[in-house]
Amino acid sequence: MNGATINVLYFAQVAEHMGTRQETQTLEAPVQAGVWLDALTARCPTLGATGRLKLAINQQHARRQDMIRPGDEVAVFEPVTGG
């Protein structure tokens, strides 16, 4: 593999908007999760406001200020409500 990458997983409605459940993205340097998420929604505006989307980095819930690093697994999903 040439260059550093992250594995991105999309769930539920996010996967439908993205047209895939999984993809590999190039990531040469660490980036704040919020910056990465903003770029994702710029790429796919139908995702809506980034503030409502949730991220997990390496299966740990992440905040916008957390860092995504090359080699990480990033999951993108909508908030889940019980009832």
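## Cys44

Cys44 is buried, at 10% relative accessible area. The model is a predicted one. Cys44 sits in the loop between α2 (33-43) and β4 (54-57).

Which residues does Cys44 contact, leaving aside its neighbours within four places in sequence? They are His17 and Met18. Leu55 is 11 residues from Cys44 in sequence, and the two C-alpha atoms are 16 Å apart.

## The sheet

The strand order is β2-β1-β7-β4-β5 in an open sheet of 5 strands, and the pairing is mixed. β2 and β5 stand at the edges. Each has a single partner strand, so one side of each lacks a neighbour in the sheet. From one strand to the next, the twist averages 30 degrees.

Strand β1 (residues 5-10) and β2 run antiparallel, joined by 5 bridges. Thr5 stands opposite Thr26 of β2. β1 also pairs with strand β7 (residues 73-77), through 4 bridges, and here the strands run parallel. Val8 has Val74 of β7 as its bridge partner.

## The nonpolar core

The largest nonpolar core has 21 residues. Tyr10, Trp36, Leu40, Leu55, Ile68 and Val76 touch the most other members. Two or more residues come from each of β1, α1 (12-18), α2, β4 and β7. Helix α2 gives the largest share, 4 residues.

Leu40 shows how its surroundings are drawn from several places in the chain. Leaving aside neighbours within four places in sequence, Leu40 is in contact with Tyr10, Met18, Gln25, Leu47 and Val76.

Side chains of opposite charge can pair when their charged atoms come close. The structure holds 4 salt bridges. One of them joins Arg43 to Glu23, with the closest N and O atoms 3.0 Å apart. Arg43 lies in helix α2 and Glu23 in strand β2, so this pair ties together parts that are 20 residues apart in sequence. Glu23 is buried, at 18%.

Asp38 forms a salt bridge with Arg64, again with the closest N and O atoms 3.0 Å apart. This pair links distant parts of the chain, 26 residues apart: Asp38 in helix α2, Arg64 in the loop between β5 and β6. Asp38 is partly exposed, with a relative accessible area of 34%. Arg64 is partly exposed too, at 36%.

## Asp66 and its loop

Asp66 lies in the loop between β5 (60-62) and β6 (67-68). Its salt-bridge partner is Arg63, with the closest N and O atoms 3.1 Å apart. Arg63 is exposed, at 52% relative accessible area.

What does the side chain of Asp66 reach at 2.8 Å? The backbone nitrogen of Arg63. Asp66 therefore meets Arg63 through a salt bridge, which needs a side-chain nitrogen of Lys or Arg within 4 Å of a carboxyl oxygen, and also through that backbone nitrogen. Not counting residues up to four places away in sequence, Asp66 touches Val31, Gln32, Ala33, Ile57 and His61.

Technical notes
Residues numbered from 1 in each chain as written. Predicted model: local features only at pLDDT ≥ 70, side-chain atom pairs only at ≥ 80, totals over all residues. Heavy atoms only, no water. Polar contact = N/O pair within 3.5 Å; in protein donor to acceptor, adjacent residues only side chain to side chain. Contact = heavy atoms within 4.5 Å. Pairing = 2+ DSSP bridges. Buried < 20%, exposed > 50% of the residue type's maximum accessible area, 1.4 Å probe, protein only. Axes fitted to C-alpha atoms, helices over the stretch in contact; angles between N-to-C directions. Core = buried A, V, L, I, M, F, W, Y, C linked by side-chain atoms within 4.5 Å.
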